[in-house]
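Here is a quick walk through a protein model, written for someone who would rather look at side chains than read tables. Have the structure open as you go.

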Amino acid sequence: MTDTTTATALTPREIVSELDRYIIGQRAAKRAVAIALRNRWRRQQVSEDLRDEITPKNIIMIGPTGVGKTEIARRLAKLARAPFIKVEASKFTEVGYVGRDVESMIRDLVEVSIELVRAEEQAKVTTRAREAAEDIVLAQLPGDLRSGNVYERSFDAERDGYTVSPGGVASKRIDVDNDDLRRRLRAGEFNDLLLEIEVADGAGGMMQIFSPRGGLEEMDLGGMLGNLLPKRKSRKKLKVPEALRILELQEGEKLIDMDYVSAEALRRAEHHGIIFLDEIDKVAGKRSGTGPDVSREGVQRDLLPIVEGSSVRTKHGVVKTDHILFVAAGAFHVAKPSDLIPELQGRFPIRVELDSLTEGDFLRILSEPRNSLIRQYTAMMATEDVTIRFEQDAIEELAATAARVNEQLENIGARRLHTVVEKLLDELSFCAPEMRGQEVEINRAFVKAALSDIVEDTDLSRYIL
């Protein structure tokens, strides 16, 4: 039986093309993750006796900060509709130290998978949940809305159920048709009404405890005790739209088979989960036998069985990590990939080096992607009824400025564009509410005037950019 629920059927070329819409350059890294994603689909097509033997080829991406490592992994997970988490290796400590246990990333992945499947199941029952919520609201409507008078010109006082006024008008009280009430409810006629409904309170909370393996872990008391303790409920007065929203969620929860959700979420985490292990270089270092290097090697040795394939117990069940795809990334400015322990190196057979971004890359990043900064800021200013137009020479100047500041100060890649553009539009963002209806043209002269002092004063740039 093949699985087509989450594994994408996109070809590697199509995957790269999709990534190109959001990420500039880094062709080698895109090809590597595209092949890895396609291999997940291929694995599901082979016979079951061979399927378990095919393990993912984990990837390690090497490159400076801000060149697209995280974005590539995040977009990959969206394409695959797969459970995805990003964790920082530097937050983990080896057994016996206070810090996060490496197995916590598997538990986090399962929780993401649970929410993913729950949302899908919620979407399937949306219509039924909405109608059930509407039924509850309709039952709560005041009596004068759920019934009305029918009038008829008549002097016959003997008609069944009618009463005749002194003016000769016969009338009778009848119930309003429920379908008519539902139509009026959907049309928003009752939106200003206040209704008192029963709402389930969120039980429990998060609590930090020491795990048996020696790490500091967060325990979800609500999740642990939710099935043992009765859910607390309270009555709240809400307007109809808000009441409908809450009731729809509550009714949807009743229609969802949570046993199926847990089983399917565990399966997806095992076979389609992607863990992006950032800052892997922070736990690499030459073995000196003392000091923090020992702890770093300890983290690597704790990571090893997870990456190799082991069973991790979660509150939803046991998860096998054999087929989870791990994508590690690091700048490796100080340490080198060869400073990782050999066993861990062997578990990341695919290595790709990402290029530092050039001025030309910055120019493309500012204008080409669907989520480019130019489009973002233009849309945000439009909410204030202010139209901003970036001339091509302004975009070129911004790219040149970002590249120049990266050379003079710390090279933080494309993140420098955020600081430069934010500084450029600082005054405009502050005054926008008083500029409604105006149009602002941003050209090279505008950019130079706004950023000249900072570009020239390196010391000032260190603090502002």
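## A charged network

R130, E134, D135, R182, R186 and E248 are tied together in a network of salt bridges. A salt bridge here is a side-chain nitrogen of Lys or Arg within 4 Å of a carboxyl oxygen of Asp or Glu, and by that rule the count comes to 31.

A word on the source: this is a predicted model, where local features need pLDDT of at least 70 and side-chain atom pairs count only at pLDDT 80 or more, while totals for chains, interfaces and linings use all residues. Residues are numbered from 1 along each chain as its sequence is written, and side-chain values use heavy atoms, with hydrogens and water left out.

## Salt bridges in helices

Take helix α4 (residues 69–80), where E71 and R75 sit four residues apart, about one turn of the helix. Helices are DSSP runs (H or I, at least four residues), strands are too (E, at least two), and both are numbered from the N terminus. E71 and R75 form a salt bridge, with the closest N and O atoms 2.8 Å apart. R75 is buried, at 13% relative accessible area; buried means under 20%, exposed over 50%, and partly exposed in between (1.4 Å probe, protein chains only).

Helix α5 has a pair too: K124 and E121, three residues apart, about one turn of the helix. Their closest N and O atoms are 3.0 Å apart. K124 is exposed at 60%, whereas E121 is buried at 13%. E103 and R107 also meet in a salt bridge (3.9 Å, N to O), and R107 counts as partly exposed at 23%.

## The sheet

Five strands make an open, parallel sheet in the order β2-β10-β13-β1-β14. Strands pair if DSSP finds at least two bridges between them. At the edges are β2 (84–88) and β14 (350–353), each pairing on one side only.

Five bridges join β2 to β10 (residues 274–278), and I85 has I275 as its bridge partner in β10. Helix α5 (residues 104–124) packs on the sheet, touching β2, β10 and β13 (325–330).

## Nonpolar cores

Which members of the largest nonpolar core touch the most other members? They are M61, L366, F390 and L398, out of 60 residues. A core is a set of buried Ala, Val, Leu, Ile, Met, Phe, Trp, Tyr and Cys residues joined through side-chain atoms within 4.5 Å. Apart from it lies another core, of 40 residues, including V125 and I324.

Terms used
Contact = heavy atoms within 4.5 Å. Axes fitted to C-alpha atoms, helices over the stretch in contact; angles between N-to-C directions.
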